[in-house]
Each structure stands twice: as C-alpha cells, then as structure tokens.
Amino acid sequence: MPAPDVAALLALLERSEPDVAEPARVAVEWLAGGEALETISQFDVCEFLWYTLPIKVPGDQATIARALGRLLRLAGMERYAALCDSPATARILMTYAREGEEAGAAAYHRELEATGVLPPDVAELSWSSIMGPEELGAHVACAAALELAIVTGDPVDREELTRRWLTAPRPELGGDCWLHRVHGERLNRWVLGRGTARRELAQPFEVRLHAPIAAPDEPHLEPLRWLLGLARTGVRLTERLNVGRAVAAEAADRFGWGNPTRPGAVRGEADVPALTELRQIAVHDLGALRRSGRRLVLTTTGRNLLDDRAAMWDAAAPTLLVPAPGEHDFEVSIRESALMILVDGDVVRDGDLRARIAEVVNGEGWRATDGGRVGGADLTGPLSRLRHRLDALGLDTLGFDTQGAGAQGADAPGLNAQGPGASGADALGLVGPEPGAAAQEGQATASAPRATGSAPEGTRREPVTRVAGDDAPWRLTDAGRRAALAALRAQALRPRQYAGLG
C-alpha cells in the first residue's frame with residue numbers, strides 16, 4: 001500500500017497536533033525533498049537524523065526528530081518512526097551539542113555502520129565522501145538492497161551483496177552496471193581537472209583507462225619479485241638497519257643499479273638508491289615485508305603477491321603515484337603529468353619533460369619560476385622520486401650514454417645482453433626464473449649470499465653507462481608504459497574525500 005500523501009499527513013497533524021505540524025513539515029522537506037515518502041530508505045532517515053538535522057537544520061532538533069516520528073507513524077512507516085525516537089538518535093544529538101561536530105559525526109558513522117545498511121568498501125570500489133550523481137545513485141541503490149535483505153531476514157554478506165549490486169547489469173541503467181557508471185563519472189571528473197593544458201593532456205586517457213590495464217605477458221617487476229623471494233627466509237640487516245652489503249651488491253649486479261655519483265664496488269645499501277626505494281615500496285606501500293628485529297621478513301600479503309602475478313601487478317603498478325609522507329597534490333600532479341607525457345613517447349629529454357610539466361601545472365594555478373621550480377616548489381624532488389620508483393620496479397630503460405645521444409632503449413649499448421635483436425624484458429635483463437625458482441634462489445641467497453656477479457644467466461643487466469644526477473633522458477619499457485597506465489587509472493578512480501579524511 002502506498003504511503004499517504006505528505007500534504008494530507010501534514011493537514012491531519014495540523015488539526016490534531018498543531019504544535020507538531022510545523023517541525024514535521026520542516027523535517028519531511030529536508031528528508032524527502034518534495035518526493036513521495038515511498039522513495040525514502042532507512043539510510044535516508046538515519047542520515048537526516050544523525051547528520052543533516054544536527055548540522056544543517058535550525059531549531060529544536062529533538063522536537064523536530066519527534067515530530068518526524070509522529071508523521072512517519074501516521075504514514076504506517078513504524079520502523080522509520082522508531083529511529084526518530086530511539087536512544088541512538090538522542091545520544092548522537094547530545095554528542096553534537098556537547099562535544100561538537102567532529103565527535104557527533106564520528107558517533108553518526110559508528111551508529112550507521114551498526115545498522116548494516118551502509119554499503120561497505122569492496123575491492124572493486126571504495127566509496128567517496130564527496131559523491132557525484134552517479135556514485136550517489138549507486139550508493140543509495142546498494143543501501144536499499146542491504147535494507148531489503150535485512151528486513152526479509154535473509155543472511156546478509158554485506159560485501160558480497162554490494163559487489164553483486166554494483167557489478168550486475170541493471171535494467172534501469174539500460175543494461176549497464178553501477179560500477180561502470182561510477183568509474184565513468186570519476187574518469188570524467190579526473191579528465192576535467194584544473195587548467196586547459198591539463199585537460200588537453202588528460203583527454204585521450206578517458207577512454208584508454210576505462211578498462212583495467214592487464215599485466216604484460218613478459219616477465220615484469222622482477223626486482224620486487226627478487227626481494228620478496230629473498231625475504232622468504234629473511235633478509236639480514238646491519239646494525240643501522242640497512243640491507244647488508246652482499247644483498248646490495250647482488251641487487252646492483254642483477255639490475256644495473258650502480259650509483260653513478262659513487263662509482264666502484266658496492267659497500268652497502270647507501271650505494272644502491274634503487275634498492276632503498278624498492279624496500280620502501282615493499283614495506284610501506286605494499287605491506288609485503290616487515291622488519292622483525294634485524295631482518296626483513298615476508299608478510300602474508302607478500303606471500304600472496306609472490307604466489308599471484310596478477311595481484312602483484314595490480315598492487316605494485318599504482319605505487320608510481322602513491323603520495324610520499326607529507327606530499328601534497330602539487331607533487332603528485334607533477335608525477336601524474338610526467339607519466340601521461342611518457343606513456344606513449346620515445347625518448348624524452350629531461351629539460352623537455354620539465355618544460356611540458358611546468359606548462360601543465362602552471363595551468364592548474366601554480367606559478368612557475370626559474371630553475372625548474374613551479375610556485376616555489378622544485379620539480380626535481382617529485383621527478384626524482386618517480387625516476388627512483390621506475391628504476392626500483394624495473395620499468396625504465398636506463399640505457400642512456402653520458403653524451404645524451406645514445407638513448408635508444410633496447411638498442412642502447414650495454415643494455416642488450418642477448419644480441420642486437422633482443423628487445424623488451426630481454427634487452428633490459430628482466431627475464432628471471434619462474435616463481436618457484438625465484439623462491440629457491442631467495443632462500444639460498446638469504447642463508448649464503450652469492451658474491452656480486454654470480455646471478456644466474458639472464459637475470460641481471462649487463463653493466464650500463466648512465467648519466468649522473470637527474471638530467472638523464474626518460475624512456476619507459478613496454479611494462480613501464482602499462483604500469484604508467486595502471487597508475488593513472490588508479491589515480492583517476494580514487495575516491496574523493498573531504499580534507500582530513502583518509
């Protein structure tokens with residue numbers, strides 16, 4: 001049976017309880033926004049009572065809540081009316097009044113979570129706190145589906161129901177699903193970011209990033225796979241908690257990670273900056289390693305990544321744009337712009353890359369100054385971080401000669417250990433053993449580290465000549481270009497949050 005008309009209900013209250021009619025009218029206008037009462041859900045009622053009412057609605061809030069309950073009972077909506085009179089509502093309104101908006105909002109979120117009608121984050125989608133129309137529609141639809149399952153008494157797996165509701169084709173969407181709608185909305189918002197130059201750079205990616213970026217068929221992320229393999233039996237650390245000399249030397253030998261500013265024998269982790277960056281990615285960004293005393297050991301997450309190449313790709317590629325501690329949107333925007341410029345190009349000179357990035361970030365409202373600086377912030381820091389990350393994951397070519405004229409990717413002298421015809425991972429020395437063999441090597445190395453130069457054939461780069469400092473040209477490998485797209489997609493699809501929210 002449809003709920004009675006709101007106007008009729010208010011007229012009835014006006015005759016029987018005139019002191020209740022006006023606060024009930026205020027409440028229902030905020031709650032239903034002129035729509036029929038049949039359209040509201042438990043989530044809507046909770047959000048009004050526990051967030052909108054105490055923050056946005058003037059007047060005696062407890063009186064307004066009770067008046068809304070009276071109107072909903074007249075409409076035969078007893079479950080929703082009970083929320084208006086509940087101890088939870090009284091407690092939350094009191095928290096706002098006594099402890100302020102932040103404490104009240106925290107109490108609201110706790111109580112809403114306890115109702116079971118709040119759609120949870122799932123692997124496919126983390127909800128924003130600032131939602132566009134499509135995401136809001138998806139959120140409301142999922143909340144209504146959860147409420148219906150609870151009311152009917154069915155066992156409810158909230159994550160599974162939310163995932164099914166997001167991914168199933170919906171007749172009301174013309175056969176599309178809510179997940180596609182939300183992703184499309186977020187991609188469009190990302191493309192239409194600040195500034196003309198930024199929009200022009202990002203526009204071609206709106207279609208390219210709609211589908212997930214599959215991992216390349218050839219071996220990839222071999223440095224990360226190697227380090228996690230070593231940690232199966234533990235990687236010993238020095239007294240200063242650095243990776244020991246034997247492992248650092250092996251890393252430099254396998255992946256061409258010598259430090260051009262400190263040539264010669266590797267004396268420890270400090271001589272292999274890419275290893276430090278790789279450790280940062282594995283420990284802090286992925287949670288794949290943790291420190292146990294003076295050892296790095298593999299976590300359950302790390303073990304799962306080693307056993308699942310697709311999962312490792314999905315987790316590691318987005319770390320190219322993970323913000324560093326204390327980093328702001330400006331620095332991330334620099335790296336994001338760099339990846340958009342590099343993803344389809346050949347060799348890009350460092351000066352040209354900086355000039356194009358400066359044009360983009362200037363258009364976003366940052367003021368450029370001399371010396372590669374924009375708005376008083378140096379481009380060098382964010383670009384160095386990006387180069388170190390690409391290097392650590394084996395996603396850049398690195399084979400540039402000291403004159404700047406030999407940057408020929410797979411054909412560069414010193415890179416091609418397999419002969420003139422090798423390319424891709426072969427040319428980069430990224431062809432490694434199968435996962436089982438990698439684990440065995442890791443165990444052997446952890447217990448009795450091999451001397452530098454003893455890595456198996458095909459698992460290390462030949463010595464390369466590199467440009468010292470941050471002035472080397474840029475070029476991504478095939479896997480690097482895919483990783484750049486994957487990182488950009490993760491950046492575009494991330495949830496929007498209010499400042500201060502995680």
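**Figure 1. Contacts and overall make-up of the predicted model.** Of the contacts in the protein with a separation of 6 or more, 69% are between residues 24 or more positions apart. The model is predicted, and its secondary structure comes to 23 helices and five strands. Of the 502 residues in the protein, 48% are buried.

**Figure 2. Confidence along the chain.** The mean pLDDT of the protein is 82, with 80% of the residues at 70 or more. Among the elements, helix H6 has the highest mean pLDDT, 97, while helix H21 (residues 424–427) has the lowest, 29. Residues 368–377 stay under 50 in pLDDT, and the model has 22 contacts for them beyond four places in sequence. The pLDDT is also below 50 over residues 399–469, a stretch with 138 contacts in the model beyond near neighbours in sequence.

Figure 3. Helix H7 covers residues 101–115. At 1.5 Å a residue, its 15 residues should span 21 Å, and the end C-alpha atoms are 21 Å apart, in agreement with that value. Which residues of H7 are buried? They are Gly104, Ala105, Ala107, Tyr108, Leu112 and Thr115. Viewed down the axis of H7, these buried residues fall within an arc of 160°, so they line one face of the helix. Glu102, Arg110 and Ala114, on the other side of H7, are exposed. The buried residues pack against three helices: H3 (42–56), H6 (87–99) and H8 (133–151).

**Figure 4. The aromatic pair of Trp226 and Phe255.** The structure holds three aromatic pairs. A pair of aromatic rings is described by the distance of the centres and the angle of the planes. For Trp226 and Phe255 these values are 5.6 Å centre to centre and 75° between the planes, an edge-to-face pair. Trp226 lies in helix H13 (residues 222–230) and Phe255 in helix H14 (residues 245–255), so the pair ties together parts that are 29 residues apart in sequence. Both Trp226 and Phe255 are buried. Ring pairs link these two residues and Trp257 into a cluster.

**Figure 5. Arginine side chains over tryptophan rings.** The charged end of Arg170 sits over the ring of Trp165, at 3.7 Å from the ring centre.

**Figure 6. Thr162 in helix H9.** Thr162 is part of helix H9 (residues 158–167). Is Thr162 buried or exposed? Its relative accessibility is 0%, so Thr162 counts as buried. Leaving out residues up to four places away in sequence, Thr162 touches Pro119, Pro120, Val122, Trp127, Cys142 and Leu146.

**Figure 7. Glu239 and Arg294.** Glu239 lies in the loop between strand S1 (235–236) and helix H14. With a relative accessible area of 71%, over the 50% cut-off, Glu239 is exposed. Where does Arg294 stand relative to Glu239 in sequence and in space? Glu239 and Arg294 are 55 residues apart in sequence, and their C-alpha atoms are 7.5 Å apart in space.

Technical notes: Residues numbered from 1 in each chain as written. Heavy atoms only, no water. Helix = DSSP H or I, 4+ residues; strand = E, 2+ residues; numbered from the N terminus. Expected span 1.5 Å × (residues − 1). Buried < 20%, exposed > 50% of the residue type's maximum accessible area, 1.4 Å probe, protein only. Arc of directions from axis to C-beta. Contact = heavy atoms within 4.5 Å. pLDDT = per-residue confidence, 0-100. Phe/Tyr/Trp six-rings, centres within 6.5 Å; stacked < 30°, edge-to-face > 60°. Lys NZ or Arg CZ within 6 Å of the ring centre and 35° of its normal.
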